[in-house]
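Welcome! Please take a look at the structure below, and then we will walk through it together, one region at a time.

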Amino acid sequence: MTRIKRRRRTKISLFASSFRGAHSRLTRTITQQRIRALVSAHRDRDRKKRDFRRLWITRINAVIRGMGVSYSYSRLINNLYKKQLLLNRKILAQIAISNKNCLYMISNEIIK
Amino acid sequence: MAAQAAATTFNGNLKKALAGLRRIDLEGLRWRVFDAKGQVLGRLASQISTVIQGKDKPIYAPNRDDGDMCIVINAKDVCVTGRKLTDKVYYWHTGYIGHLKERTLKDQMAKDPTEVIRKAVLRMLPRNKLRDDRDRKLRIFADSEHPFGDRPLEPYVMPPRNVREMRPRARRAMIRAQKKAEEQEQGGSQRKGRKKEAKTEVAT
């Protein structure tokens with residue numbers, strides 16, 4: 001009888017083996033914390049997409065404002081859409097980090 | 001340290017100016033100098049807060065503090081518009097019942113002009129765990145002396161601002177005040193014998 005309980009619980013405690021303190025040692029706590037961890041993971045998979053997009057936007061904004069007076073992320077995106085340039089924010093942020101001048105060149109091309 | 005000892009032409013506040021400098025980890029940061037002379041308080045504080053948060057860098061990350069060190073000089077020459085010099089009141093509560101204290105901008109400038117800018121910037125930063133660290137990166141000096149002369153400093157150029165045109169009533173009042181000042185100057189130069197009390201503007 002106990003074999004079945006033990007087998008089930010060891011599977012669950014394997015998941016929580018890297019948790020801190022009682023969360024990896026006590027069986028009842030382990031089941032609860034496992035559920036919470038999985039819920040967080042599920043919710044944050046969608047949040048991750050939002051969070052990264054926010055980060056890219058902030059980074060692009062930071063670099064673009066250095067370009068000239070009253071030029072900003074919003075105007076850049078407006079120009080991008082007007083010229084139908086399909087670069088997304090992730091790529092623009094990577095360009096901004098690695099090679100600022102390239103981004104300035106792109107934005108100058110778009111303004112015209 | 002020897003160079004800093006030589007550069008202390010300004011007294012006493014050396015301890016406060018160098019306080020906690022060791023706690024700030026990275027020295028890959030730039031040192032930006034803001035000159036507050038003639039700048040409007042809130043607009044200056046807004047620019048300072050963006051620089052302090054590191055939001056002008058492409059490697060900004062919200063979970064770590066990557067802003068530059070900001071030095072503000074001439075803090076006593078910062079300007080405010082309107083009647084804020086007498087009407088802007090700083091409130092704080094000491095915790096005891098009924099002890100809501102207040103102090104006007106004028107008194108605060110007389111007492112400690114650096115606190116005005118510090119409060120303005122601090123209240124523009126996001127209220128999170130990095131706020132205290134960011135506060136440590138901000139050094140404000142009332143006059144134009146600072147003990148960081150031996151570091152590579154970069155002056156910060158404020159972005160150009162389009163000042164709003166004065167409203168007609170305010171403009172007429174200003175012209176009236178100017179004409180009065182001119183008349184009094186002329187009147188004072190014509191009659192030297194008489195003592196005339198000329199109205200002087202309060203220096204901010």
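**Pockets and a meeting of chains**

Let us begin with α8(B), which contributes nine residues to the lining of the largest pocket, the most of any element. Helices here are DSSP runs (H or I, at least four residues; strands are E, at least two), numbered from the N terminus. This is a predicted model, in which local features need pLDDT of at least 70, side-chain atom pairs count only at pLDDT 80 or more, and totals for chains, interfaces and linings use all residues. Residues are numbered from 1 along each chain as its sequence is written, chains are lettered from A and ligands numbered from 1 in the order written, and side-chain values use heavy atoms, without hydrogens and water.

A pocket is an open set of points on a 1 Å grid over the protein atoms alone, where a 1.4 Å probe fits, with protein on both sides within 12 Å along at least five of seven lines; its lining residues have an atom within 4 Å of a point. The largest pocket holds about 1,200 Å³ of space, the volume filled by probe spheres set on the points. Among its 33 lining residues, B:Val80, B:Thr81, B:Gly82, B:Met166 and B:Met174 lie nearest the centre.

The second largest pocket holds about 970 Å³. Of its 30 lining residues, A:Arg65, A:Gly66, B:Gln47, B:Tyr156 and B:Pro159 are the closest to its centre. At least two lining residues each come from α2 (27-64) and α5 (100-111) of chain A and from α3 of chain B.

How do the chains meet? Nine residues of chain B are in contact with nine of chain A, contact being heavy atoms within 4.5 Å. Together they bury about 660 Å², 72% of it on carbon and sulfur atoms; buried area is the accessible area (1.4 Å probe) that two parts lose on being put together, summed over both.
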